[in-house]
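Please open the structure in your viewer and keep the selection tool at hand. The stops below concern charged side chains and their surroundings.

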Amino acid sequence: MTPAPCFSVICPTYNRSRAITRTLDSVRAQSFPGWELLVISDGSTDDTDEWVRAAAAEEPRIRFVRAPRHGHPSGPRMIGLAEARGEFAAYIDHDDEWRADHLRVLLGAFEAGADLVATGCERRTATGEVTSRSDLLEVVWHPEIQLLGPMFEPSRVAHRRPLAEEAGGWRAGDGLEDWDLWLRMAGLGLRFTTVHAHTATLLDDSSTRRHRTVRRHRLPLAVFDDARRAHAALRRLRGGEHDEEFRHAYLADTVEWYERMATTPEFVLPTGWRGELRPEITRRGTASGELWPDLVLVPERDRFVLAQLLWCATADHARYVTSLSARVQRRQLTLAAEVAGLESDTFGNRAGRVL
């Protein structure tokens with residue numbers, strides 16, 4: 001029997017056909033050779049299996065596993081973990097790719113004592129056009145940052161192999177299953193070690209699962225009894241007249257939040273980085289773009305709730321986000337209430353009330 005590899009790379013796939021070879025080739029091109037690649041076909045009905053088998057015939061470190069259809073990547077990932085032999089588990093989605101030094105960068109973090117590692121990334125369209133690159137703040141970690149927004153797509157992450165099962169494993173759902181697992185790992189007291197280097201390339205396309213995630217949970221901002229007042233509040237928030245005030249509120253809230261988190265042992269900066277965070281916060285806060293893209297007006301019985309859509313997998317998570325947001329986005333939420341036409345410290349005025 002061949003010695004156990006250092007890394008077990010887990011790749012769930014479904015009906016990817018020949019395009020999966022780009023993903024497989026990026027693993028085969030790794031400068032660190034101690035890996036196995038487990039490709040779990042989730043009941044593919046096209047020729048994906050044949051392309052993977054052909055790659056496995058050329059490269060003995062590729063292992064093909066045929067699974068019954070789950071319709072969700074969590075099941076295949078759990079099958080991959082059960083089959084894995086490596087000390088570390090790394091993930092790559094079937095439409096993503098790695099830079100040749102990805103595993104070597106991860107290994108450096110593990111050798112320094114890490115349990116759970118995430119790298120930077122760039123995002124590209126199917127034609128190869130770069131749409132974004134992760135910035136510094138995307139690889140600054142703290143349990144509260146992890147709680148407020150989805151972080152670290154699977155292709156950026158690796159961990160000591162038993163840790164996923166110790167946290168309850170990969171679970172199916174509407175989406176955000178990666179975020180759900182990282183949150184449960186954080187709940188066990190694990191901390192991410194992060195690396196700023198953009199070693200993973202992610203597909204940025206409307207066909208990916210993240211773009212199809214159903215967002216069932218909301219952060220309520222205010223409730224109105226009158227539809228006209230509710231729609232007027234929505235127009236005022238989206239109108240742009242107060243954008244500069246909101247940017248100032250964001251900057252003040254975020255600087256204060258990061259300064260507080262930085263005093264705690266859980267706060268993680270990317271490996272080797274010793275710069276200042278405030279310029280990064282300022283850059284993000286002054287970036288152009290719509291400030292309220294996820295604002296919705298929801299009728300509830302005879303009322304109208306003005307709310308922000310949340311990226312949350314569960315109702316419990318949404319409650320935690322709502323509670324934390326009230327503490328760390330205090331200026332922004334107060335200003336939103338004022339712009340909406342409410343008195344921020346009044347819960348029963350005629351126009352509506354803050355939630």
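Select Glu 97 to begin: this residue is partly exposed, because its relative accessible area is 31%. The terms are defined by cut-offs: buried means under 20% relative accessible area, exposed means over 50%, and partly exposed lies in between (1.4 Å probe, protein chains only). The model is a predicted one, in which local features need pLDDT of at least 70 and side-chain atom pairs count only at pLDDT 80 or more, whereas totals for chains, interfaces and linings use all residues. Residues are numbered from 1 along each chain as its sequence is written, and side-chain values use heavy atoms, with hydrogens and water left out.

Which side chain does Arg 22 meet in a salt bridge? The partner is Glu 97, at 4.0 Å from N to O. A salt bridge is a side-chain nitrogen of Lys or Arg within 4 Å of a carboxyl oxygen of Asp or Glu. This pair links distant parts of the chain, 75 residues apart: Arg 22 belongs to helix H1 (residues 20-28) and Glu 97 to strand S5 (residues 97-98). Helices (H or I, at least four residues) and strands (E, at least two) are DSSP runs, numbered from the N terminus. Arg 22 has a relative accessible area of 44% and is therefore partly exposed.

Next, select Arg 28 and Glu 58. Their closest N and O atoms are 3.3 Å apart, and the two residues form a salt bridge. Because Arg 28 lies in helix H1 and Glu 58 in helix H2 (residues 48-58), the pair ties together parts that are 30 residues apart in sequence. Arg 28 is partly exposed at 27% relative accessibility, whereas Glu 58 is exposed at 57%.

Stay with helix H2 and select Glu 50 and Arg 53. Their side chains meet in a salt bridge of 4.0 Å, N to O. The two residues are three apart in helix H2, so about one helical turn separates them. Glu 50 is partly exposed, with a relative accessible area of 45%, and Arg 53 is partly exposed at 43%.

For a network of salt bridges, select Glu 36, Arg 63, Glu 83 and Arg 85, which are linked in this way. The structure holds 32 salt bridges.

Finally, select Glu 245, which is found in helix H9 (residues 243-261). Why does Glu 245 count as partly exposed? The reason is its relative accessibility of 40%.
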